Amino acid sequence: MGDNHVSTPLSSKERGEGVRLLDGKAMALQIKDEIANEVRSLTDAGHRAPHLAAVIVGEDGASQTYVANKEKSSHEVGFTSSVYRMAESTSERQLLETIEFLNNDPDIDGFIVQLPLPKHIDEQKVINAISPDKDVDGFTPVNVGRMVLGEECFVPATPMGICTLLKRFGIETAGKHCVVLGRSNIVGTPVANLLSRKGFDCTVTLCHSRTSNLKELTLQADIVVVAIGKPEFLTADMVKPGAVVIDVGIHRVADASKKNGYRVIGDVKHDEVDAKCSWVTPVPGGVGPLTIVSLLQNTLQAYHRQTRN
Ligand code: NAP
């Protein structure tokens with residue numbers, strides 16, 4: 001059966017109806033335009049612009065890039081942005097004092113603390129110190145609790161970006177079986193929660209490293225969200241024809257043919273999986289751009305709450 005399966009070309013049904021890209025890059029540009037227009041109306045009316053701050057501790061290269069991208073996007077939509085760069089040797093107490101300062105600064109609508117933090121700092125203690133009203137990453141226990149209860153809250157940026165992609169591309173979700181791979185607090189768990197709620201109405205299966213029958217489950221999935229941090233983990237033999245595949249993974253791999261010496265790949269083996277999907281997010285240019293945009297949307301929401309403008 002195996003040989004036969006490999007040598008027989010896929011029928012059009014097996015390939016899906018023809019894959020379409022969930023183009024996060026284009027969608028992010030469109031949403032940024034919408035935010036920029038709103039900010040322009042606010043400032044034209046004499047109000048101050050929304051203000052997003054970021055705190056970064058240490059010199060981690062990836063974190064520096066993420067914060068620089070957030071700063072750039074903030075400027076693009078007309079936000080005020082500030083970055084608090086702190087040395088690797090910063091003590092937990094010093095960081096908590098900075099958070100207290102940001103919590104109390106009326107000119108800052110929202111802020112993020114870029115993770116990971118140096119090992120000598122208790123990450124959860126730091127997150128817990130952020131005012132829930134300024135927690136635009138949606139990581140504090142109060143916002144997580146509100147999200148689970150379906151109350152107004154700041155939803156973590158990556159799950160929110162995934163929801164935006166599904167909604168704006170008009171992907172049918174009600175009654176669909178969605179299999180989420182990965183149960184992290186920042187991606188898998190919140191996305192599973194959001195997609196199971198009224199509005200999306202998926203039947204959700206949440207998988208993790210102890211799930212014993214993973215392939216059996218993914219083969220049943222109408223929608224697969226892959227957020228496990230393993231390069232090209234999801235292969236074509238794990239995907240049902242016509243499935244929607246959302247690839248959250250981001251990995252840099254060396255590539256001498258590229259000017260910068262690397263290319264970015266995801267948790268999905270796109271060269272074989274894409275042909276079987278109805279919709280798929282590319283990497284790069286899928287979930288990533290929507291993550292930053294969601295942070296901007298949350299900041300605008302924080303601004304409206306804070307200023308009542
Ligand atoms: P994480 O905290 O490392 O969590 C990984 C999850 O995957 C864990 O729940 C783990 O299970 C599960 N897992 C690991 N191996 C597995 C396997 N073989 N089968 C099933 N489940 C398995 O990861 P994360 O922070 O959610 O990030 C996941 C990926 O998304 C990374 O590549 C990250 O860089 C990327 N990411 C991208 C964005 C974006 O904007 N596009 C944002 C955030 C993260 P256990 O709980 O049992 O250990």
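Is Asp201 buried, partly exposed or exposed? I found Asp201 partly exposed, because its relative accessibility is 34% (buried means under 20% relative accessible area, exposed over 50%, partly exposed in between, with a 1.4 Å probe and protein chains only).

I note that this is a predicted model, in which local features need pLDDT of at least 70, side-chain atom pairs count only at pLDDT 80 or more, and totals for chains, interfaces and linings use all residues. Residues are numbered from 1 along each chain as its sequence is written, and side-chain values use heavy atoms, with hydrogens and water left out.

**Entry on backbone angles.** Most residues other than glycine have a negative phi, and most peptide bonds are trans. I looked up Asp201 and read a positive phi of about 60°, although it is not a glycine. I then turned to Glu232, also not a glycine, and read a positive phi of about 50°. Glu232 counts as partly exposed because its relative accessible area is 30%.

**Entry on cis bonds.** I found a cis peptide bond between Leu115 and Pro116, with omega about 0°. I also recorded that the bond from Val283 to Pro284 is cis, with omega near 0°.

**Entry on Asp109.** I list Asp109 as buried because its relative accessibility is 0%. Its side chain makes a polar contact (a pair of N or O atoms within 3.5 Å; within protein, one must be able to donate a hydrogen and the other to accept it, and residues adjacent in sequence count only if both atoms are side-chain atoms) with the side chain of Arg48, at 2.8 Å. I also noted the backbone nitrogen of His51 at 2.7 Å from a polar atom of the Asp109 side chain.
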